[in-house]
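The stops below are meant to be taken in order.

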Amino acid sequence: MTPAERDGHTREHEYDVVVLGAGPVGENVADRVRAAGLSAAVVEGELIGGECSYWACMPSKALLRPAIARSEARRVPGLRGHAYGPLDAREVLAHRDDVVGHWKDDGQVDWLASVDVHLYRGHGRLHGARRVVVEGPEGDRQVLTARHAVAVCTGTRAVLPELPGLPGARPWTSREATSSATVPGRLVVVGGGVVGVEMATAWQALGARVTLLVRGGGLLPRMEPFAGEHVADALAERGADVRTGVAVAAVVRDGHEGPVTVVLEGGDHVEGDEVLFATGRRPRTEDIGLETVGLEPGGWLTVDDSLRVAGHDWLYAVGDVNHRALMTHQGKYQARIAGAAIAARAAGGGSLDTAAWGPHSATADHAAVTQVVFTDPEVASVGLTLAAAEAAGHRARAVDVDMASVAGAGLYAQGYRGRVRMVVDLDRETVLGVTLVGQGTGELLHSATVAVTGEVPIARLWHAVPAYPTLSEAWLRLLEAYRDGAGPA
């Protein structure tokens with residue numbers, strides 16, 4: 001027993017694997033190594049379940065679902081006349097609160113116990129190789145030693161730009177945007193990425209007057225250009241003021257509870273009751289002891305396809321913190337790969353398979369990243385855009401289909417508008433990527449994902465017969481367009 005242990009303030013514990021961060025990614029790493037017979041502990045200073053459960057995926061979709069359902073109902077004969085009233089904002093917000101468990105994590109704590117993962121609440125920092133020091137909320141100190149691996153799953157936090165007046169203006173980030181207890185009368189949203197467009201959609205539907213300010217030329221810049229165009233048109237039709245090519249110069253709040261003024265470069269300005277900055281994320285690595293193992297605090301962690309940090313055979317970085325694919329489902333995918341790799345290496349490493357699409361290789365992070373943007377219309381994508389495919393050196397061709405040509409779309413909603421694109425590798429005649437825009441298209445994404453990850457030949461896809469009349473008949477229209485030589489519309 002060490003002197004620190006005898007004084008009652010520090011305890012030392014040993015596990016096979018120690019996980020920093022108990023969001024969905026950290027939980028899945030711990031679950032996978034436990035399933036392989038290894039002991040595991042997780043360290044978390046906030047709510048167990050992480051950003052996704054309380055301030056991102058779950059609350060945002062709880063806010064968005066009523067908006068999308070109402071919009072769809074307005075396009076269904078016999079129903080639309082009953083769907084033109086306002087949403088019951090109080091009921092929507094109460095449902096959101098239920099979905100996030102009223103920001104209590106008892107259920108998540110119980111789940112960790114059920115899979116025999118030890119939880120340490122507090123701030124965890126690396127203290128040299130395979131050691132983590134946990135400073136607890138009551139001043140207690142725990143030292144955890146990992147026999148095989150430490151996995152950093154600390155995720156990201158919102159970035160606020162350095163602008164005059166911004167700190168005193170009490171801006172929203174994604175956390176405030178998904179947890180607000182009231183609907184602002186006027187909301188200014190800065191940023192045209194996923195968080196910006198989803199929150200603009202949700203709060204506009206709940207009654208806020210939304211102004212969306214975007215520095216670039218369009219929304220959703222990392223997706224096919226037509227995706228952002230459809231979303232921008234829909235927001236504008238519902239009353240949002242969508243401005244592209246504008247930059248914010250300063251922010252001024254009139255008193256503690258007064259309106260906020262967003263000053264634009266060139267002298268124009270926009271007023272709102274709240275302002276949301278959805279302008280990017282940064283890794284939560286600035287205070288986790290990276291300097292004790294020769295790494296730079298505050299940066300993204302570079303990993304190989306088994307999620308192991310370069311130059312450290314015991315250290316893994318899983319989820320958003322490695323900057324490969326910043327979505328919860330991709331992070332959980334990485335967690336399954338990392339857990340399997342840790343277990344294989346702990347068993348001697350002889351069975352490790354890091355070849356593309358192997359059990360210990362996060363290949364989808366390069367070739368088949370999936371994403372759904374829950375706007376109205378929805379946007380869904382997997383794999384490469386046409387521009388990304390060409391930049392990667394593929395001899396690629398895109399074919400486009402207007403979703404209005406699909407019989408199932410006309411039945412889904414009158415006046416259905418949308419578009420789908422398939423990007424084909426011309427040398428192998430396999431699908432490199434698919435982007436879909438339109439109501440309900442998120443549920444078509446997995447079939448596209450199977451085609452991309454399975455590298456299914458176009459010739460075989462002709463035998464995957466879509467049921468009539470469904471939205472999935474878009475696949476038949478795409479294959480016909482490819483056969484007939486149609487290029488991008």
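Begin by selecting Arg-130, which is partly exposed at a relative accessible area of 28%, where buried means under 20% relative accessible area, exposed over 50% and partly exposed in between, with a 1.4 Å probe and protein chains only. Its phi is near 65 degrees, a positive value in a residue other than glycine, and Arg-130 sits in the loop between strand 4 (123-126) and strand 5 (131-135); helices (H or I, at least four residues) and strands (E, at least two) are DSSP runs numbered from the N terminus.

The model is predicted, so local features need pLDDT of at least 70 and side-chain atom pairs count only at pLDDT 80 or more, while totals for chains, interfaces and linings use all residues. Residues are numbered from 1 along each chain as its sequence is written, and side-chain values use heavy atoms, with hydrogens and water left out.

Select Leu-220 next, in the loop between strand 9 (209-214) and helix 9 (225-237). Leu-220 also has a positive phi, about 50 degrees, although it is not a glycine, but this residue is buried, with a relative accessible area of 4%. Most residues other than glycine have a negative phi, and most peptide bonds are trans.

For the peptide bonds, go to Asp-376 and Pro-377, which are joined by a cis bond with omega near 10 degrees, and then to Tyr-468 and Pro-469, where the bond is cis with omega near -5 degrees.

Now show helix 4 (residues 57-73) with helix 5 (residues 89-99), whose axes come within 9 Å and cross at roughly 150 degrees; axes are lines fitted to C-alpha atoms, for helices over the stretch in contact, and angles run from 0 to 180 degrees between N-to-C directions. The contact (heavy atoms within 4.5 Å) includes Met-58 and Leu-63 of helix 4 and Val-92 and Arg-96 of helix 5.

Arg-96 is buried, with a relative accessible area of 1%.

Finally, select Glu-286 and Arg-157, whose side chains meet in a salt bridge (2.3 Å, N to O), linking parts of the chain 129 residues apart. Glu-286 is partly exposed at 40% relative accessible area, and Arg-157 is partly exposed at 23%.

Methods. Salt bridge = Lys/Arg side-chain N within 4 Å of Asp/Glu carboxyl O.
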